[in-house]
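Here is a short briefing for a first look. Please keep the sequence and the 3D view open while reading.

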Amino acid sequence: MRRLIATYEMYVYDDGSVETVRKSDNTEQEIDTSGCSSSIKQIVAVLEYVAEYVSANPKSSRKNNIVTHNTSNNIQEMSSIDMEDGLNNTTTSNQNDKIVGIRRCVTAGIHKVATDLNIKYTSVHEKFTKKLNLTMAECKDQIENYFERRQPTEDSPKLEETLRDACAARTKHADAVAIELLIKKLRIAVEKYNM
């Protein structure tokens, strides 16, 4: 089975010259982590999960910080993980509604990646903290601040800097490409989340 890894636009000019430009703004582009370090693979997978979740649940769809239950696979997986971990111990007006913050979404993402890779939660958790050189609380702070737009208005917010600095020496190019694609997805998710 073939898998699309890149798309290009071709420009043909009246003088016969041809120019091809890789389309990098494809928001649905799958991030290829095959050449990345295992730490970056896991970090990217967790943050992609967070980006997909918050994109599906923008702030505008919330009432008093309650997220309406969604039936897509990602949201159902989040619900079952929340229940297993006791994260759904909230009082809501409807049993199908639950409060899900960014911090809990990160935890659920770590659980999902651990389950998908058939490894322990602590292994993924440790990759985050060691590779990013942060405690999990600091990591969740950066992610939450990024989505809530509580960071400085610099061109490169703290989370983006932290991710770029995490690239391993032996897989630097593959790590850097994956991180840049992840950052594009995160930026789009932030926009949707804050609509």
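Is glutamate 191 buried, partly exposed or exposed? Glutamate 191 has a relative accessible area of 47%. That value lies between the 20% limit for buried and the 50% limit for exposed, so glutamate 191 counts as partly exposed. The model is predicted.

**Salt bridges: overview**
- The structure holds nine salt bridges.
- Some of them share partners: Glu160, Arg164, Glu180 and Arg187 are joined in this way into one network.

**Glutamate 191 and arginine 149**
- Glutamate 191 forms a salt bridge with arginine 149.
- Their closest N and O atoms are 2.5 Å apart.

**Glutamate 48 and lysine 185**
- Helix H7 (residues 172-193) also carries lysine 185.
- Lysine 185 forms a salt bridge with glutamate 48, and the closest N and O atoms are 2.9 Å apart.
- Glutamate 48 lies in helix H1 (residues 38-56).
- Glutamate 48 counts as buried because its relative accessibility is 17%, and the limit for buried is under 20%.

**Arginine 103 and glutamate 144**
- Arginine 103 pairs with glutamate 144 in a salt bridge.
- Here the closest N and O atoms are 3.4 Å apart.
- Arginine 103 is in helix H3 (residues 102-117), and glutamate 144 is in helix H5 (residues 136-147).
- The pair links distant parts of the chain, 41 residues apart.
- Arginine 103 is partly exposed, at a relative accessible area of 28%.

**Helix H4 against helix H5**
- Two packed helices are described by the angle and the distance between their axes.
- The axes of helix H4 (residues 121-132) and H5 come within 9 Å.
- They cross at roughly 80°, and H4 and H5 are therefore roughly perpendicular to each other.
- On the H4 side, the contact involves His125, Phe128, Thr129 and Leu132.
- On the H5 side, Met136, Cys139 and Ile143 meet them.
- Which kinds of residue make up the contact of H4 with H5? Five are nonpolar, two are polar and none is charged.

Note on methods. Residues numbered from 1 in each chain as written. Predicted model: local features only at pLDDT ≥ 70, side-chain atom pairs only at ≥ 80, totals over all residues. Heavy atoms only, no water. Salt bridge = Lys/Arg side-chain N within 4 Å of Asp/Glu carboxyl O. Helix = DSSP H or I, 4+ residues; strand = E, 2+ residues; numbered from the N terminus. Buried < 20%, exposed > 50% of the residue type's maximum accessible area, 1.4 Å probe, protein only. Axes fitted to C-alpha atoms, helices over the stretch in contact; angles between N-to-C directions. Parallel < 35°, antiparallel > 145°, perpendicular 65-115°, else oblique. Contact = heavy atoms within 4.5 Å. Nonpolar A, V, L, I, M, F, W, Y, C, P; charged D, E, K, R; others polar.
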